[in-house]
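Let's take a walk through this structure together. Have the sequence and the coordinates at hand as you read.

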Amino acid sequence: MTTELGTLETFKNQRTASATVLIVDDEESTLRICSDIAVESGLRVRTASTTEQALEELDQYPIDIAITDLKVPQLGGLELLRRIREHYPQVSVLVLTQYGTIQTAVEATRLGATDYVTKPFHIDELRRKLQRLIREQELDQENRVLREQLRTRPGYGELIGVSAKMQRVYKLIEKVSQHNYPVLILGESGTGKELVARSVHFSGTRSQKPFVPVDCSALVPTLIESELFGYAKGAFTGAIHTKQGLIESADGGTLFLDEIGNLPVEMQSKLLRVLQAREVKPVGSNERVSIEVRVIAATNKDLETAVRSGQFRQDLFFRLNVVQIKLPPLRERKSDIPVLVQSFLEKFADPVRPLPTLAEDALTRLTAYDWPGNVRELENAIERAVALGSGPILHSGDLPSSLQYAASNGGTDPMPASDELVPLEELERRAILRALRESGGDKLIAARLLGIGKTTLYRKLKQYESQLARHQTA
Ligand SMILES: Nc1ncnc2c1ncn2[C@@H]1O[C@H](COP(=O)(O)OP(=O)(O)OP(=O)(O)O)[C@@H](O)[C@H]1O
Ligand SMILES: [Mg+2]
């Protein structure tokens, strides 16, 4: 039930009201003072003068905060508090206690009251405590939204992207993660090969076991063997302890051989032997240690060509290339750019400032560019724009100069290569077709590439369709 006062005050401040507070007390004067403070703080107000009414209110309205006296008729404030904790755990409770009953206040806090105020209270004290509760509720709400966003992030694990090409990659990852086949990940630099390798490991049955990345291009040639296979004490000068190799440390988990195309040929045969025999022999040791690892390899090199030219052993290639995951370059999946940009803005933004947004011209430029450095280059561009940007809205001028040039040069220049003179209308049609092709059929992105609004693009497409229809019936 709502008292007259409640109904009156409830909607007084509806314009700014966000959270709802329920005030429970049988003293009309307390209800009035608390209501005034709550309304002033931008809250919607409901009131009740008995615990029964209070429970009815809680049942019917989305209450966020409850302020209750402890000496309220029927069940009493402590029992009301207990029931709120049990049935409405999201409600923060501020308890009003009589002066000198600190013991009850302690009991209330133990039962889950968020805070308490002793009567007779100072209006300022109540206002301060109430506002703190509101802020805490807002923070909690923000966290909930963030968690929700994380859960529904447009991608798979750490991978962001909504394009059809990336969806296919996610499906493959899901499939192979349930098995132990070797996986070979191919793709240009910066396309996310390492993220894919991690996703395969962490969404699979070995996720609790080690994931050991080995950068084959960073291994010092003379040390590769001891790094990979480990060594026995006294194997060489300086080998004062026995040391486990990287392969052995991945036992039971995943060995990620990154940049496998850079592994020297003589090491390739040794690695192949290990993979076939499932055992390593540390340098200087006579013992063989059996190992059980899942192997994922990645490279941005064209391994098949390397095999043909003798730079990569064919037998090792066959061994690694059981399942192949090819990561498409970013220029072939431009529909992923907006979601990637959003996630990078969130990643690099100052957490105490409002999240920056991209102006239309900046997004147009980002979609027009060809991204030879793929997602890594995009990530760097956004990090730089956030760091150097002039305000909460990032404009094309905040983007690296390489993008400025490419866009003005026409990253998607629709002009025909020859000098032929083409009617404007035809040029426009070609530009639209090209933009649709580049955007993978996504009209919003195509419109951005063309620098026109989505509605204009729709209108023009309709126009062409009807022209085509007329042409066909003629
Ligand atoms: N789909 C994606 N979603 C989110 N971030 C991505 C994605 N792809 C790549 N990245 C980010 O881009 C950067 C490069 O990714 P990664 O290191 O996996 O690329 P790579 O293919 O291994 O490149 P390289 O061949 O140069 O080693 C990383 O910071 C990574 O977090
Ligand atoms: Mg890499």
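Of the contacts in the protein between residues at least 6 apart in sequence, 70% join residues at least 24 apart; two residues are in contact if their C-beta atoms, placed from the backbone, lie within 7 Å. Please keep in mind that this is a predicted model, in which local features need pLDDT of at least 70 and side-chain atom pairs count only at pLDDT 80 or more, while totals for chains, interfaces and linings use all residues. Residues are numbered from 1 along each chain as its sequence is written, and chains are lettered from A and ligands numbered from 1 in the order in which they are written.

The protein has 20 helices and 18 strands; helices (H or I, at least four residues) and strands (E, at least two) are DSSP runs, numbered from the N terminus. Buried residues make up 33% of its 474 residues. Here a residue is buried if 20 or more other C-beta atoms lie within 10 Å of its own, exposed if 12 or fewer, and partly exposed in between, with C-beta atoms placed from the backbone.

Now let's turn to a sheet. Five strands form an open sheet in the order S2-S1-S3-S4-S5, with parallel pairing; two strands pair if DSSP finds at least two bridges between them. Its edges are strand S2 (44–48) and strand S5 (115–119), each of which pairs on one side only. On average, neighbouring strands of this sheet are turned by 20° against each other, direction ignored. Axes are lines fitted to C-alpha atoms, for helices over the stretch in contact, and angles run from 0 to 180 degrees between N-to-C directions.

Look next at strand S1 (residues 20–24), which runs parallel to S2 and is joined to it by 5 bridges. Within this pair, Ile23 stands opposite Thr47, and Leu22 has Arg46 as its bridge partner. The chain passes from S1 through helix H2 (residues 28–40) to S2 in a right-handed β-α-β crossover, meaning that, with the strands pointing away from the viewer, the path from the first strand over the helix to the second runs clockwise. S1 is also joined by 4 bridges to strand S3 (residues 65–69), again in parallel, and Val24 has Thr68 in S3 as its bridge partner. Why is S1 largely enclosed by the rest of the structure? Because 4 of its 5 residues are buried.

Further along, helix H5 (residues 102–110) lies across strand S4 (92–98) and S5, running at about 170° to S4.
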